[in-house]
Structures are given as C-alpha cells and as structure tokens.
Amino acid sequence: MNDKQHTIKAPVTVSGIGLHTGVQATMTFCPAPINHGYKFQRVDLPGQPIVDADVDNVVDLSRGTTIEQNGARVNTVEHTLAALVGLQLDNILIQLDGPEPPIMDGSSYEFIKPLMEAGLQEQNALRNYFEIPDEIRYVDNARAVEIAGLPLNSYRLTVMVDYNSPVLGSQHASLTHIDQFTTEIASSRTFCFLHELEALYKSNLIKGGDLSNAIVVVDRVVSDEELDELATMLGKPKVAVKKEGILNNVDLRYKNEPARHKLLDLVGDLALVGRPLKGQILAARPGHAANVAFAKRIKKKMMEAHTSPVPAYDPAREPVMDINKIAATLPHRYPFLLIDKIIHLDATTVTGVKNVTFNEQFFTGHFPGNPVMPGVLQIEAMAQTGGILVLSTVPDPENYWTYFLGIENCRFRRMVKPGDTILFKCELTAPIKRGIAKMSGKAYVNGKVVMEAEMSASIVKKN
C-alpha cells in the first residue's frame with residue numbers, strides 16, 4: 001500500500017448519461033492539494049457548491065448512494081469513489097455539471113482508465129490511514145446481512161452473496177490487496193434482477209439504464225409479450241434471454257461478476273469514511289444501506305481515536321523528508337541540526353522527529369550525571385521543524401533564510417532524557433503575510449506534552 005498521499009498530474013474528463021436520473025453529464029477529475037480528500041462540485045448550480053464525500057452527507061440509498069451538502073445533491077457516487085480508492089488516490093476534486101456521475105459501462109473501469117492516463121502525482125505528506133483497532137460489526141437480521149471489520153495491516157475485502165436464484169446461486173469475491181482492484185474488480189458491472197428492473201422503472205428510476213451499462217438477470221420464465229414490453233421500456237427493437245438467464249445475451253466478464261460488483265460497491269461506499277483504511281472487511285449479502293451503516297460505525301471509531309491531538313508516529317513508515325532532504329532545506333549543520341526526519345507536512349502543519357541519544361554533544365556538560373536535554377535546544381528543534389513548514393511555502397527554499405522573531409508563552413512540562421523520541425508539531429495560526437509567519441508548537445514524548453510555545457519567524461531571501 002502507498003504511504004504517500006497522491007493526486008493526479010492533470011485534469012481528466014468523462015461524459016455520459018446518469019443511471020437513475022437519465023441526465024447527460026460531464027465529470028472532470030481535478031488534482032487537489034494535500035489533505036483535500038474527495039469532494040464533488042456541482043458546477044451547473046449557482047455558486048458551484050461543494051459536496052464532501054462524507055458518510056454524514058448520505059441522504060438516499062435507493063439503488064445507489066446519494067450525498068447532499070450546501071444545497072447540492074450528487075447521485076450514485078459509489079462507482080466513482082471506488083475507482084479513486086482502487087488507484088490509492090487521496091486528493092481529488094470531482095467537478096460535475098449534472099446531478100449524477102455518468103454510469104459509463106456500469107463499472108469503475110471507465111473512470112480508472114483515464115485517471116491512469118492522466119498519471120498519478122505523489123504528494124509530500126503521508127497517507128492518514130485509519131487502522132481498524134478491534135472488531136466492528138453490523139448486522140441486519142431482517143435482511144440476513146452481516147458486515148465485520150477486523151484489524152489487519154493491509155486492506156482486504158471478502159464479499160459473499162446469495163440471492164436464492166438458480167441463475168446466480170451463491171457467489172463470493174475477494175480482494176486480498178487493494179493493488180488488485182484495477183485488474184480484478186474494477187471492470188465488474190452493476191446488475192439487477194428482472195423483477196427489480198420493472199419496479200425501478202415504475203418508480204421513475206434507471207432512466208439512464210441500458211443493456212450496455214447493466215446486467216439484467218432473468219430469474220423467471222418470461223413470455224414473448226413481456227419481452228416485447230421490455231424492449232419498449234429499454235428503447236430496444238428486440239430483447240432476448242440467454243439460457244443462463246441474462247437478458248439480451250450479454251456475456252458475463254467473470255462467472256462471479258455480480259459478487260465482484262458488490263465488492264466494488266462496498267469499496268466505494270466505505271470511501272465515505274474520509275480516510276484510507278487498513279483492516280479486513282467480511283461482508284455477507286451487503287447492499288448500500290448496510291455499507292453506509294457500517295461506514296458510520298467506522299467513522300464513529302475514527303472520531304473516538306481523533307480526540308487525541310498527539311501525532312501518530314510509525315518508525316517503519318517512510319518519512320516525508322529524511323535527514324538528507326532536511327539538510328538540503330535548512331542551513332543548519334552539526335551540532336545544530338536538531339531534527340532527524342519530517343513525518344507530516346501540509347499547507348499549515350508539520351511534524352518533525354528528534355531521537356535523543358546520550359551521544360548528543362550537549363550532554364557532556366549539561367547536568368553531568370543527570371542528563372537532561374536543555375530547554376533552549378528543544379525550542380531550537382521546534383523552530384527548525386517550523387522552519388521546514390515556512391520554507392515549504394516558497395519556491396526554491398534553499399534560496400531563503402528563516403529567522404526567529406519572537407517566542408511567547410513557552411512552557412516546559414516534563415524533562416527530556418536520552419532514549420526519548422520527541423515529536424514536534426507546529427501549526428500556522430495565521431496566513432503568512434509579508435514574509436512573517438506565526439505558529440503554535442507542541443513537543444510530545446510518549447504521548448505527553450513536554451514543551452509548548454508560540455513562535456514567529458521571518459522569511460528572508462538570500463543576498
């Protein structure tokens with residue numbers, strides 16, 4: 001799985017008809033900055049409102065997942081979102097000039113193909129995974145639906161479906177690694193049963209439905225008169241039923257294509273939690289309502305974990321900047337280069353890591369016999385972390401100096417000793433103006449604040 005956040009290198013556009021609304025729409029995937037996430041923008045509406053791809057914005061689940069925010073609604077988002085998750089993209093603005101993304105061929109592949117052609121762009125921040133900490137379970141006994149999420153240091157999904165149909169029977173589909181989505185799952189098309197098709201049509205849905213973008217499973221004997229009625233309903237001169245029970249002799253791409261598409265829907269619906277996931281998901285007979293209910297339980301767990309402001313640190317993950325990149329950005333050198341790596345960097349926040357060892361030169365004379373890291377050097381390390389943030393806002397940062405202007409409300413809460421790992425988190429408190437940056441900073445050891453301060457600095461061009 002990718003550790004760095006990704007967007008796309010250039011905008012890419014697709015056009016087509018919406019499955020349920022039947023409205024022609026053009027959808028443009030646009031590059032987006034770090035920590036932007038997935039957002040839809042209805043460019044056809046006054047003010048071009050934004051709709052966050054968030055499970056709390058779900059307003060309708062009748063045969064698809066519909067979200068609404070700021071007076072704007074977007075229907076059937078799951079296939080679009082599944083494509084983004086499958087490519088491990090993190091930050092995308094999806095501009096849409098209609099109420100529903102194009103259904104294309106009923107799968108996610110017609111989105112994946114142009115996104116891959118546009119190219120993926122690595123971004124200078126780590127992915128903010130949510131790792132399922134313990135079992136999360138959703139059960140709907142009335143519909144015999146069960147979904148469970150279990151801890152796993154990867155993203156693995158298994159779906160089982162059983163429609164009591166002689167045509168489909170019981171099926172299952174698995175995704176052992178998200179990298180497989182593009183080749184194993186993305187091309188699986190949406191499907192429905194004939195009796196559902198008739199009900200959906202009478203409910204004024206599937207206005208854009210067509211045998212080129214959906215598989216219709218015929219689960220009962222159909223007379224010639226009914227086939228003629230179906231042809232009229234679908235705008236076709238004639239429709240037929242294959243022996244296997246698939247309308248109009250459409251060939252399945254996989255024997256278990258319906259189960260694979262249910263897995264695709266699950267991936268897309270779970271994207272609404274707002275963060276990439278690590279965990280094992282086991283789903284029996286899932287549907288959009290169950291997927292969204294389960295996603296809400298995951299998000300609740302996320303919110304409970306998010307109450308702590310302590311930065312997450314996994315030493316095994318590749319940093320945003322290692323010591324070589326830091327040295328290429330900051331002018332400091334031994335013994336005054338005091339941070340070892342940067343593990344997070346976005347437009348307003350940075351987190352740096354300092355590994356304190358007994359071999360630091362200052363321990364020789366600072367409290368011999370009772371080694372304590374000097375407070376002024378903790379401030380200096382925090383300032384260097386903040387300097388990385390400030391320099392990230394200018395082109396060619398090696399051509400600039402950063403100078404301290406002031407320190408306020410500095411407090412030392414606990415002693416820092418050899419063997420400690422300090423996490424310095426700095427955040428801009430206001431936009432940088434006229435080269436002046438103001439930020440707040442906290443230093444953590446073992447999840448506890450050891451020092452905090454408010455700092456201001458100036459950016460000065462060299463020479």
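Cysteine 426 is buried in this predicted model, with a relative accessible area of 0%, and cysteine 30 is likewise classed as buried, at a relative accessible area of 10%. A disulfide is a covalent bond between the sulfur atoms of two cysteines. With a cut-off of 2.5 Å between cysteine sulfur atoms, the count of disulfides comes to zero.

**The open sheet**

- Six strands form an open sheet in which the pairing is antiparallel, and their order is β19-β20-β22-β23-β24-β21.
- Strands β19 (341-345) and β21 (400-412) stand at the edges of this sheet, and because each has a single partner strand, one side of each is left without a neighbour in the sheet.
- On average, and with direction ignored, neighbouring strands of the sheet are turned by 25 degrees against each other.
- Strands of a sheet pair through backbone hydrogen bonds, either parallel or antiparallel.

**The pairing of β20 with β22**

- Strand β20, which covers residues 349-355, runs antiparallel to strand β22, which covers residues 421-428, and seven bridges join the two.
- Within this pairing, threonine 349 has glutamate 427 of β22 as its bridge partner.

- With a relative accessible area of 34%, valine 460 is partly exposed, and a residue needs over 30% to be part of a patch.
- Together with Trp401 and Tyr403, Val460 makes a nonpolar surface patch of about 270 Å².

Key
Residues are numbered from 1 along each chain as its sequence is written. This is a predicted model: local features need pLDDT of at least 70, side-chain atom pairs count only at pLDDT 80 or more; totals for chains, interfaces and linings use all residues. Side-chain values use heavy atoms; hydrogens and water are left out. Patches are made of residues with over 30% relative accessible area and no salt bridge: like charges are joined within 9 Å, nonpolar side chains (Val, Leu, Ile, Met, Phe, Trp, Tyr) within 5 Å. Accessible areas come from the Shrake-Rupley method with a 1.4 Å probe; for residues, only the protein chains shown count as cover. A salt bridge is a side-chain nitrogen of Lys or Arg within 4 Å of a carboxyl oxygen of Asp or Glu. Buried means under 20% relative accessible area, exposed over 50%, partly exposed in between (1.4 Å probe, protein chains only). Two strands pair if DSSP finds at least two bridges between them. Helices (H or I, at least four residues) and strands (E, at least two) are DSSP runs, numbered from the N terminus. Axes are lines fitted to C-alpha atoms, for helices over the stretch in contact, and angles run from 0 to 180 degrees between N-to-C directions.
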